Amino acid sequence: MDWQADAATGLPRHALAYEPDADLYVAMVDEHGPPAWLDELDLRPAPPTLHVGTHAGSTDEWLLADQARSMELALRSRLLDERRDVVFGALPGTDAAAEELLAEVTSWLRGHDIDHDPPDPDEHPLAAAGRLVQDDLCLMARRDGAWHLDAGVLAFPSHWRLHDRIGLPMPLVHEHVAHYDEIGDRVDRFFDRLPVGRVVRRRNLSVQPHPHLYCPTAKSEMRPDVHRVQPDGHPGF
């Protein structure tokens with residue numbers, strides 16, 4: 001696998017083969033306007049906002065299914081077939097949780113009348129679930145007195161790698177996140193108190209200098225000049 005950085009994007013060269021159809025996203029905004037959830041973001045200039053920023057959600061909005069579904073699912077399946085060692089991982093002891101997650105995913109798809117292929121019974125249940133939805137799926141486990149990232153199918157990482165962090169507790173998963181040490185205890189308490197069946201969402205907004213969804217590289221490895229933004233905001237995705 002070629003991990004040498006591409007000069008234009010700063011991504012590993014092998015990642016260039018997995019560029020999504022960016023024109024599809026442009027067409028979606030042209031047709032429907034900006035996504036409604038933009039209104040949930042606090043864009044006022046301020047010091048670092050040190051709160052978790054979660055909102056109660058409903059099962060209807062747990063997963064995503066939009067006009068990019070077919071294109072993104074095809075891209076996810078390619079990554080699981082061709083880059084499985086990068087985008088998938090599961091520690092021993094996570095099989096039961098993965099089976100439960102696959103059952104929840106297929107139930108959600110059926111309940112929303114979304115066509116989907118039946119999962120392959122010979123594939124790991126978490127990987128099978130990752131082929132059915134546009135969302136990445138991560139499993140957290142409470143053990144050794146802390147919450148750990150113990151399994152995941154991460155086809156669309158935003159400049160991090162699953163295998164750099166799998167098995168780590170939350171503070172180490174977020175080791176390079178500014179100010180996480182100031183909210184880490186609150187994050188742990190949030191997971192401790194989250195009841196079964198409750199859906200909670202948290203919005204994030206990132207601006208990238210390219211349309212790639214598959215970005216398996218640390219931000220610290222990106223060349224600074226790759227992120228330079230022009231006065232008109234170009235390039236920005």
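**Entry 1: charged pairs**

I began with E61, which forms a salt bridge with R201, the closest N and O atoms being 2.9 Å apart. By salt bridge I mean a side-chain nitrogen of Lys or Arg within 4 Å of a carboxyl oxygen of Asp or Glu. E61 sits in the loop between β1 (54-56) and α2, and R201 in strand β5, so the pair ties together parts that are 140 residues apart in sequence. I took helices (H or I, at least four residues) and strands (E, at least two) as DSSP runs, numbered from the N terminus.

A note on the source: this is a predicted model, where local features need pLDDT of at least 70 and side-chain atom pairs count only at pLDDT 80 or more, while totals for chains, interfaces and linings use all residues. Residues are numbered from 1 along each chain as its sequence is written, and side-chain values use heavy atoms, with hydrogens and water left out.

Next I checked exposure, with buried meaning under 20% relative accessible area, exposed over 50%, and partly exposed in between (1.4 Å probe, protein chains only). E61 is partly exposed at 40%, and R201 is partly exposed at 23%.

R76 and D136 also meet in a salt bridge, at 2.9 Å from N to O. This pair links distant parts of the chain, with R76 in helix α2 and D136 in the loop between α5 and β3, 60 residues apart. Is R76 buried or exposed? I found R76 buried, with a relative accessible area of 0%, whereas D136 is partly exposed at 23%.

R142 lies in strand β3 and D192 in helix α8 (residues 180-193), so they tie together parts 50 residues apart in sequence. I also noted that salt bridges with shared partners join D81, R84, E123 and R131 into one network. In total, the structure holds ten salt bridges.

**Entry 2: the nonpolar core**

I then looked for nonpolar cores, that is, sets of buried Ala, Val, Leu, Ile, Met, Phe, Trp, Tyr and Cys residues joined through side-chain atoms within 4.5 Å. The largest has 31 residues, and L79, V105, L126, L137 and Y214 have the most contacts inside it. Helix α4 (95-111) is among the elements that give two or more residues to this core, and α4 gives the most, with six residues.

Which residues does L137 touch, not counting those up to four places away in sequence? I listed L101, L126, A129, G130, A151, G152 and V153. Another core, of six residues, lies apart from the largest one and includes V52, W147, M170 and I183.

**Entry 3: around R202**

R202 lies in strand β5 and counts as partly exposed, at 45% relative accessibility. Leaving aside neighbours within four places in sequence, R202 is in contact (heavy atoms within 4.5 Å) with V52, G53 and T54. R202 and E40 are 162 residues apart in sequence and 9.4 Å apart in space, C-alpha to C-alpha.

**Entry 4: the whole chain**

Last, I stepped back and counted eight helices and five strands in the chain. Of its 237 residues, 38% count as buried. The C-alpha trace spans about 50 × 40 × 40 Å along its principal axes. Residues 24 or more positions apart account for 73% of the contacts with a separation of 6 or more.
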